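Me: I would like to go through this structure in short questions and answers. Please define each term once, when it comes up.

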Amino acid sequence: MTDTYEVVVVGGGAAGLSAALVLGRARRSVLVIDGGEPRNAPAAHMQGYLTRDGMSPAEFLAVGREEIARYGVELVRDLAVDVARDADGEFDVTLGGGRRVHGRRLFVATGLADELPAVPGVAERFGRDVLHCPYCHGWEVRDQAFGVLATTPMGVHQALMVSQWSKDVTLFLHTVAEEELADEDLRRLAAAGVAVVPGEVAGLDVEDDRLTAVRLADGTAHERSVLFVAPRAVPRTGLLEQLGADLQETPFGSYAVVDATGLTSVPGVWAAGNAIGFGEQVVNAASGGYRAGATINGELLFADLDAAVGVR
């Protein structure tokens, strides 16, 4: 048997929970499929979300799940592994555990995964003193000794950005050759007081569970207490691709093309959060989920009214 819902939400992060909250309050039958792999899980806190600044991501999600449950929204811990659009323009979703569900409308908030540079110690310290976003963590590590690990020439941009939070910044070129840096980049780095160190990074030195230095392949160690890295974004767009949704290439991966409400190129399918862009923070994702949820409710309402008028 296939359970039927008015809306199936794939993704139980900020975007998915926000959409589910709006739809639940609109008295819609909603299923949230939560794979339990939030992008910000390594972080102890999230910042920049008004009234929730400093809240842990785990607590934020737990509160969100409690809120949607008050309105009868069902949540299942599983992965959506397959989706198909039927002849009526509705959707059959298959879960990893074998369950199949049907939704009149589909909201995709599957996010992305961060693929970290293959440098020993980086993955183990990510979200602690190995960071990627100064807006997320810059205030907490302000005025410390920063390192920036370059894996492409875009590392220059990251080094310049983090110099807003510390005047002690070293850019480790790692796999980037010095000649790859433009003259304009070099002038900006000098103006910002950023030191540039060529040579491949071999690993991190850690003492008493804290980063103390960045170690190069030649054995030299540079004392640093924070290292910024640029993960390779891997958008989780598999379901959208199965449905034939339009994607657009960006320097940070390929993401769903959506309108102002989150509607994709596939009728009946909305998306928000990191499924539509690399820079969607928690507050942006929640906002996108709210907009999409309200739009989906209105679309369902008028579809039913139009069908009723047609019957009469």
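Me: In which sense do strand S9 and strand S10 pair: parallel or antiparallel?

Reply: This is a predicted model, where local features need pLDDT of at least 70 and side-chain atom pairs count only at pLDDT 80 or more, while totals for chains, interfaces and linings use all residues. Residues are numbered from 1 along each chain as its sequence is written, and side-chain values use heavy atoms, with hydrogens and water left out. Strands here are DSSP runs of E with at least two residues, helices are runs of H or I with at least four, and both are numbered from the N terminus; two strands pair if DSSP finds at least two bridges between them. Four bridges join S9 (residues 146-149) to S10 (residues 169-172), and the sense is parallel.

Me: Which residue in S10 stands opposite Val 148?

Reply: Strands of a sheet pair through backbone hydrogen bonds, either parallel or antiparallel. In S10, the residue opposite Val 148 is Leu 171.

Me: Which strands stand at the edges of the open sheet of three strands?

Reply: The order of this sheet is S12-S13-S14, with antiparallel pairing. Each edge strand has a single partner strand, so one side of each is left without a neighbour in the sheet; these strands are S12 (201-207) and S14 (221-223).

Me: What is the bridge partner of Val 214 in S14?

Reply: Strand S13 (residues 210-216) and S14 run antiparallel and are joined by three bridges. For Val 214, the partner in S14 is His 222.

Me: Is Arg 125 buried or exposed?

Reply: Arg 125 is placed in helix H3 (residues 122-125). Buried means under 20% relative accessible area, exposed over 50%, and partly exposed in between, with a 1.4 Å probe and protein chains only. The relative accessible area of Arg 125 is 5%, so Arg 125 is buried.

Me: With which residue does Arg 125 form a salt bridge?

Reply: Side chains of opposite charge can pair when their charged atoms come close. A salt bridge is a side-chain nitrogen of Lys or Arg within 4 Å of a carboxyl oxygen of Asp or Glu. For Arg 125, the closest N and O atoms of the bridge are 2.9 Å apart, and the partner is Asp 209.

Me: How many residues apart in sequence are the parts that this pair ties together?

Reply: Arg 125 lies in helix H3 and Asp 209 in the loop between S12 and S13, so the parts tied together have a separation in residues of 84.

Me: How many residues apart in sequence are the parts tied together by the pair of Arg 28 and Glu 6?

Reply: The side chains of Arg 28 and Glu 6 meet in a salt bridge with an N to O distance of 2.7 Å. Arg 28 lies in the loop between helix H1 (14-25) and strand S2 (30-34) and Glu 6 in strand S1 (residues 3-10), so the separation in residues is 22.

Me: What percentage of the residues of the protein count as buried?

Reply: The protein has eight helices and 19 strands. Of its 312 residues, the buried share is 46%.
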